[in-house]
Amino acid sequence: WEIALKRLESVVAYAADRFVMSFLFVAMAGAVVLRIIQALDVAARSESRLAFQANHDDLTGLPNRRAMEQHLSSLLRRPSPDDTHVALLYLDLDRFKLVNDTLGHRRGDELLVQVAQRLGSHVRPTDLVTRIGGDEFMVLLDHVVTISEAMDLADRLRLCLQEPFVLSGVEFYISASVGLALASVATMAQTANAVQLRCDRR
């Protein structure tokens, strides 16, 4: 019996040792898989963040000039009725330098953020508000039928910027100069194709 008992103890000890080793192996493999998943997740987030930064303004979060050009390019490739136009509104803040000189660049940046938010709240869902640099903004208007429709929106944006902005608890008033360009989608597409054809011939 003593011999049988010792053999049984030896078998149990061996089985327990193998179980522990197997458990440790599974745990280590799981940890490796988890680290791989975490690394892939970090890489995906980093790639997504870089893609966002490439197409958006760092300060306001608005799409930048590159994003606007890509959006306009997609509009030109899309079939549209002959009476559909695309309009571009250019807005340049008046006396913005005064804000930086009197309140500092930090408050100037705060003003730009508020301007971006206000513009975004006064356009249609199909329109694209972009910051192209400094105190300059551009709005791409899609599905515009008449020039009066584009002019009405331009006036609405100009008037909304005349409402006071609150900076450091103080109301501050600004205005903006607005420029408007309007063209049919078909005409812009034909012009773009002609330019591309000339480039291809060179």
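Author: The buried residues of helix H5 are covered by several elements, including strand S1 (85-94), helix H4, strand S3 (136-144) and strand S6 (175-184). Contact here means heavy atoms within 4.5 Å, and buried means under 20% relative accessible area, with exposed over 50% and partly exposed in between (1.4 Å probe, protein chains only). Helices (H or I, at least four residues) and strands (E, at least two) are DSSP runs numbered from the N terminus. The model is predicted: local features need pLDDT of at least 70, side-chain atom pairs count only at pLDDT 80 or more, and totals for chains, interfaces and linings use all residues. Residues are numbered from 1 along each chain as its sequence is written, and side-chain values use heavy atoms, with hydrogens and water left out.

H5 itself runs over residues 147-160, 14 residues in total, and spans 20 Å from its first C-alpha to its last, close to the expected 20 Å; the expected span is 1.5 Å times one less than the number of residues. Its buried residues are Ala150, Leu153, Ala154, Leu157 and Cys160. Seen down the axis of H5, these fall within an arc of 130 degrees, so they line one face of the helix. The arc is that of the directions from the helix axis to the C-beta atoms.

Of the covering elements, H4 (residues 105-120) also packs with helix H3 (residues 96-103): their axes come within 7 Å and cross at roughly 140 degrees. That makes H3 oblique to H4. Axes are lines fitted to C-alpha atoms, for helices over the stretch in contact, and angles run from 0 to 180 degrees between N-to-C directions. Angles under 35 degrees count as roughly parallel, over 145 as roughly antiparallel, 65 to 115 as roughly perpendicular and the rest as oblique. From H3, Phe96, Val99, Asn100 and Leu103 meet His105, Arg107, Gly108, Leu111 and Leu112 of H4.

Strand S3, another of the covering elements, holds His143. The phi of His143 is near 55 degrees, a positive value in a residue other than glycine. Most residues other than glycine have a negative phi. His143 is partly exposed, with a relative accessible area of 39%.

Of its 202 residues, 29% count as buried.
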